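Morning, everyone. Please look at the screen, and keep the sequence and the model side by side.

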Amino acid sequence: MKVTVDQLMKERPLISELRLKSFECEHYLVELELPAGRALVCNPEGRPRVFRSQLAAKVPFKNMGIKRAVLEHQSHYDEMIGLASSSVEPLLVDISLPDNDLS
């Protein structure tokens with residue numbers, strides 16, 4: 001499922017989790033856990049919205065009452081050394097909520 005920040009601002013759904021998916025240490029996608037299921041945050045054209053920092057990725061979600069924020073990092077080390085890439089779960093780290101950041 002896809003969602004835009006504008007849709008979230010209008011509908012104000014309960015967001016139980018904000019998940020920042022880290023790619024190459026400077027690109028972040030945002031996935032949200034909504035009552036209807038997981039949703040990827042996209043731009044108005046429907047393409048995934050890419051953020052350049054964790055802080056930039058959290059700013060649009062201030063004052064939305066998010067319950068949990070997590071950073072997800074998928075390691076490609078096993079794939080680089082010839083092991084199956086599906087054998088390793090992503091690393092999940094709790095991070096500060098958007099409302100608690102100093103932005």
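The accessible surface of the chain is about 6500 Å², and carbon and sulfur atoms account for 55% of that. Accessible areas here come from the Shrake-Rupley method with a 1.4 Å probe, and for residues only the protein chains shown count as cover.

A word on the source. This is a predicted model, where local features need pLDDT of at least 70, side-chain atom pairs count only at pLDDT 80 or more, and totals for chains, interfaces and linings use all residues. Residues are numbered from 1 along each chain as its sequence is written, and side-chain values use heavy atoms, with hydrogens and water left out.

Now the fold. The chain has 3 helices and 6 strands. Helices (H or I, at least four residues) and strands (E, at least two) are DSSP runs, numbered from the N terminus. Along the sequence, the order is β-α-β-β-β-α-β-α-β.

How much of the chain is buried? Of its 103 residues, 36%. Buried means under 20% relative accessible area, exposed over 50%, partly exposed in between (1.4 Å probe, protein chains only).

Next, contacts, meaning heavy atoms within 4.5 Å. Take those between residues at least 6 apart in sequence: 57% join residues at least 24 apart.

Last, backbone angles. Most residues other than glycine have a negative phi. Arg12 has a positive phi, near 50°. Arg12 sits in the loop between α1 (5–11) and β2 (17–23), and is partly exposed at 44% relative accessible area. Asn63 also has a positive phi, near 60°. Asn63 is in the loop between α2 (54–58) and β5 (69–73). With 60% relative accessibility, Asn63 is exposed.
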